[in-house]
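Hi there,

Here is the structure I promised to pass along.

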Amino acid sequence: MRSFFKFFLAALLALVVFTLMGFLILFVVAGSIASSEKTTIAAKSVLFIDLSRSFKDKKTDNTLARLSGDRDIYSTSLYDVVRLLEHAKSDSSVRGIYIKCNENANGFAASEELRNALLDFRESKKFVIAYGDMISQKAYFVASAADKIYCNPKGMMDWKGFASQLFFVKNALKKLEIEPQIFYDGKFKSATEPLREEKMTDANRLQTTVWLGDVYHRFLLSVGGARNIDTATLHRYASAYMIQTASDAVKYNLLDGVKYDDEVKDEIRKKLGINGGDKIEFVQIGSYAEATSIQKYAADRIAVIYAEGDIVYGRGAEGQVGSDEFRNLISKARTDKNTKAIVLRVNSPGGSALASEIIWRETMLTREAGKPLVVSMGDVAASGGYYISCAADSIFAQPNTITGSIGVFGIVPNMQDFFKNKLGVTFDQVKTSPYADIGTTVRPLTEGEKKIIQAAIDTIYYDFKTRVAEGRKKDMPLVDSIAQGRVWTGSRAIQIGLVDRLGGLSDAIACAARMAKLKDYGLREYPEPASFWDRLKNSYGKAVKAKAIREELNYSEYQLYEQLQRIRQMVGTAQTRLPYDIVVE
């Protein structure tokens, strides 16, 4: 037995030492990669932008990606791309841009910022060429900013109009004998419709028709201006399904030609003045970021705080807006004497009502302190996302930003019959007062309990409308008329006073500088990217799990999975959340 323990402890010690050495080697390798590799930009380089990659608002550390040989994955933020394209206008090493435009992983508001940056780049007279094998409508929206758009001769270009499809699980819950006890305020607050309806309510159909029509009109207007085609004609192309092949798109002037990839690259070589077959110096946008200094530094600075993701109570995880973290970030920026203004970039469908209130309080204290606070809205800044925005001195949005949705809901499922009839599980208890177990999911609510919960929802809704009325300087009847949980696009939100100006993050920062009377200023961006070790500890396992699920399910199934996961997170707490995921097909 003594020999067994001797060998066991020796093996255990060897395993611990080996593990520590492995982590040490990994750290050294990662550090050497991060410090030793310096990207240089060759003469006659061409920036490469792949629209299938999502440009998030917040920067992320990509050391792990580098270890796998990918220098560009998820490392460059949307605002970085905008600034890099502005810098490239005067960079003699950069001769043009090549856009890969099959799919577009970015939302319509983010795509608008990318598109505007490309249009601005074209003022330098450098070329912009877009190419795809199968070009989606959202990818074409960005690609339409190019000088030339080409498609594979045997490929296709999507041109069919927009659709937004919702799913409903009322009958599935009925089969499972689960009763979704639902409480909400706002006739348009349709977040719970998938649980209580078999199809859209009239109110939801109205708001969806309006916002989808607004996004589609913006799409047609932008494309029409770029291709010199009126919007009525473009709409007719879609209604009659006239674009079925890439050649059709050429015929109706949506494409400049059909070419294979090698033919497009030969055209680029001609523009660069190099011989056929010579290597084209393509530079991924992330690599260009490493080789280019775009950060501003000065004694006075503007804090840019990225509130991206679901709003949750507490610390929150990566990709979420945690009330503790963002309360501290806003407070830190407000009390920092060198920070002269704050820009809050909101890209969130909302979430916890309490967490939204906590973050709102910090924005209100900032406004009362007299430090300029400007909000820049991304793809979505709705419900809780609007809650945390409404106290700002000025609010910017893109025409196709989704905002508003001023409403509240709560869900307390009754799963008593599910447990009893489907699983054979029953519950019993002892309690010291009648309401000790209010909110439990293993029995139906009493009528008295329902009134208590609805009263709490009503109070939160009233507080939400009050915050909006005070922040936007409007009377309550007007706020109530534009609230009701209704979703608005940025173009309509500016008409009803929920938004002040149309524009992107650059415009919001310029506004903050004017309000603070700054001519020379630096930028400080928050939250700061997670360190390599934090990402290794906290994110790698989750990323592997998420990737495995995505690979197992198709796109529609994965969207359903995410929606069900989100519904599960909503249970038991008041929610100021967008009615549904904004998915346009």
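Let me start with Arg196, which counts as buried because its relative accessibility is 19%; buried means under 20% relative accessible area, exposed over 50%, and partly exposed in between, using a 1.4 Å probe and protein chains only. The side chains of Arg196 and Glu197 meet in a salt bridge, 3.5 Å from N to O, where a salt bridge is a side-chain nitrogen of Lys or Arg within 4 Å of a carboxyl oxygen of Asp or Glu.

Before going further, please keep in mind that this is a predicted model, in which local features need pLDDT of at least 70 and side-chain atom pairs count only at pLDDT 80 or more, while totals for chains, interfaces and linings use all residues. Residues are numbered from 1 along each chain as its sequence is written, and side-chain values use heavy atoms, with hydrogens and water left out.

**Salt bridges**

A search of the whole structure finds 27 salt bridges. One of them pairs Asp214 with Arg492, with the closest N and O atoms 2.5 Å apart. This pair links distant parts of the chain, since Asp214 sits in helix α8 (residues 202-227) and Arg492 in helix α19 (residues 490-496), 278 residues apart. Helices (H or I, at least four residues) and strands (E, at least two) are DSSP runs, numbered from the N terminus. Asp214 is buried at 15% relative accessibility, whereas Arg492 is partly exposed at 31%.

An α-helix has 3.6 residues a turn, so residues three or four places apart point the same way. Asp80 is buried with a relative accessible area of 7%, and Arg83 is buried at 8%.

**The sheet**

Strand β1 (residues 45-50) is joined to β2 by six bridges, and Tyr98 in β2 is the bridge partner of Phe48. Strand β2 (residues 94-100) is mostly covered, with five of its seven residues buried. Five bridges connect β2 to β3, where Ala130 is the bridge partner of Ile99. Ala130 also stands opposite Ile149 in β4, and six bridges join β3 (residues 127-135) to β4 (residues 148-157). β2, helix α4 (residues 108-122) and β3 make a right-handed β-α-β unit; right-handed means that, with the strands pointing away from the viewer, the path from the first strand over the helix to the second runs clockwise.

Helix α17 has 26 residues and reaches 37 Å from its first C-alpha to its last, close to the 38 Å expected at 1.5 Å a residue; the expected span is 1.5 Å times one less than the number of residues. Its buried residues include Glu449, Tyr461 and Arg472. Just after α17, Lys473 takes a positive phi of about 55°. Val425 is found in the loop between α16 (416-422) and α17 (447-472), and is partly exposed at 32% relative accessibility.

**Backbone details to look at**

- Tyr526 and Pro527 are joined by a cis peptide bond, with omega about -10°. Pro527 lies in the loop between β19 (522-526) and α21 (532-538).
- Ser405 has a positive phi of about 55° although it is not a glycine. This serine is in the loop between β15 (402-404) and β16 (408-414), and Ser405 is buried at 0% relative accessibility.
- Tyr241 has a phi near 50°, a positive value in a residue other than glycine. Tyr241 is in the loop between α9 (231-239) and α10 (246-251) and is partly exposed, with a relative accessible area of 40%.

Technical notes:
Two strands pair if DSSP finds at least two bridges between them.
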